Amino acid sequence: MFVCICARVRDCEVRDVIRCGARCIESVGEASDAGTGCGSCHDRIAEMIQEETADTLVGVSA
Ligand code: FES
């Protein structure tokens, strides 16, 4: 499924760049181009950063 229609970036690509260290919308955009167009996907990208960061924190504390 596409997260960013403007740049044609899929959710798996956004999750990959977050897992590689992107922690804000700007850095996700630099790494994948997601969010670099109209901006309507920014809320979804922010949610994905929170989801992936929460997963990482759970993994660290386990
Ligand atoms: S849908 Fe992502 S920038 Fe437009």
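This is a predicted model: local features need pLDDT of at least 70, side-chain atom pairs count only at pLDDT 80 or more; totals for chains, interfaces and linings use all residues.

Me: What is the order of the elements from the N terminus on?

Reply: They run β-β-α-α-α. That makes three helices and two strands.

Me: How many residues does the protein have, and what percentage count as buried?

Reply: The protein has 62 residues, and 26% of them count as buried. Look at contacts too. Take those with a separation of 6 or more: 41% of them join residues 24 or more positions apart.

Me: How do I read one helix?

Reply: Begin with the general idea. An α-helix has 3.6 residues a turn, so residues three or four places apart point the same way. Now the case here. H1 covers residues 11-19, and Val14, Val17 and Ile18 are buried in it. Seen down the axis of H1, these buried residues fall within an arc of 105 degrees, so they line one face of the helix.

Me: Which residues are exposed on the other side of H1?

Reply: Cys12 and Arg19 are exposed there.

Me: Which residues of H2 are buried?

Reply: Val28, Gly29 and Ser32. They cover an arc of only 100 degrees around the axis, which puts them on the same side of H2.

Me: How do I describe two helices together?

Reply: Two packed helices are described by the angle between their axes and the distance between the axes. Apply that to H1 and H2, the latter being residues 25-32. Their axes come within 10 Å and cross at roughly 110 degrees. An angle of 65 to 115 degrees counts as roughly perpendicular. H1 and H2 are therefore roughly perpendicular to each other. The crossing of H1 past H2 is right-handed.

Me: Which residues of H1 and H2 meet?

Reply: From H1 come Glu13, Val14, Val17 and Ile18; from H2 come Val28, Ala31 and Ser32. Sorted by type, the residues of this contact are five nonpolar, one polar and one charged. Compare this with burial. Val14, Val17 and Ile18 are the buried residues named in H1, and Val28 and Ser32 are among the buried residues of H2.

Me: Where does a residue other than glycine have a positive phi?

Reply: One case is Arg8, with phi near 55 degrees. Arg8 sits in the loop between strand E1 (2-4) and strand E2 (9-10). Arg8 is exposed, with 12 other C-beta atoms within 10 Å. Asp33 is not a glycine either, and its phi is positive, about 80 degrees. Asp33 follows H2, in the loop between H2 and helix H3 (42-61).

Me: How many other C-beta atoms lie within 10 Å of Asp33?

Reply: There are 16, and Asp33 is partly exposed.

Me: What separates the C-alpha atoms of Cys4 and Asp33?

Reply: The separation is 8.7 Å, although the two residues are 29 residues apart along the chain. Cys4 belongs to strand E1.

Me: Is Cys4 buried or exposed?

Reply: Cys4 is buried, with 26 other C-beta atoms within 10 Å. The cut-off for buried is 20 or more.

Me: Which residues does Cys4 touch, not counting those up to four places away in sequence?

Reply: Cys4 touches Val9, Ala34, Gly35 and Cys41.

Notes
Residues are numbered from 1 along each chain as its sequence is written. Helices (H or I, at least four residues) and strands (E, at least two) are DSSP runs, numbered from the N terminus. Two residues are in contact if their C-beta atoms, placed from the backbone, lie within 7 Å. The arc is that of the directions from the helix axis to the C-beta atoms. Axes are lines fitted to C-alpha atoms, for helices over the stretch in contact, and angles run from 0 to 180 degrees between N-to-C directions. Angles under 35 degrees count as roughly parallel, over 145 as roughly antiparallel, 65 to 115 as roughly perpendicular and the rest as oblique. A crossing is left-handed if the near helix is turned anticlockwise from the far one by less than a right angle, and right-handed if clockwise. Ala, Val, Leu, Ile, Met, Phe, Trp, Tyr, Cys and Pro count as nonpolar, Asp, Glu, Lys and Arg as charged, and the others, Gly among them, as polar.
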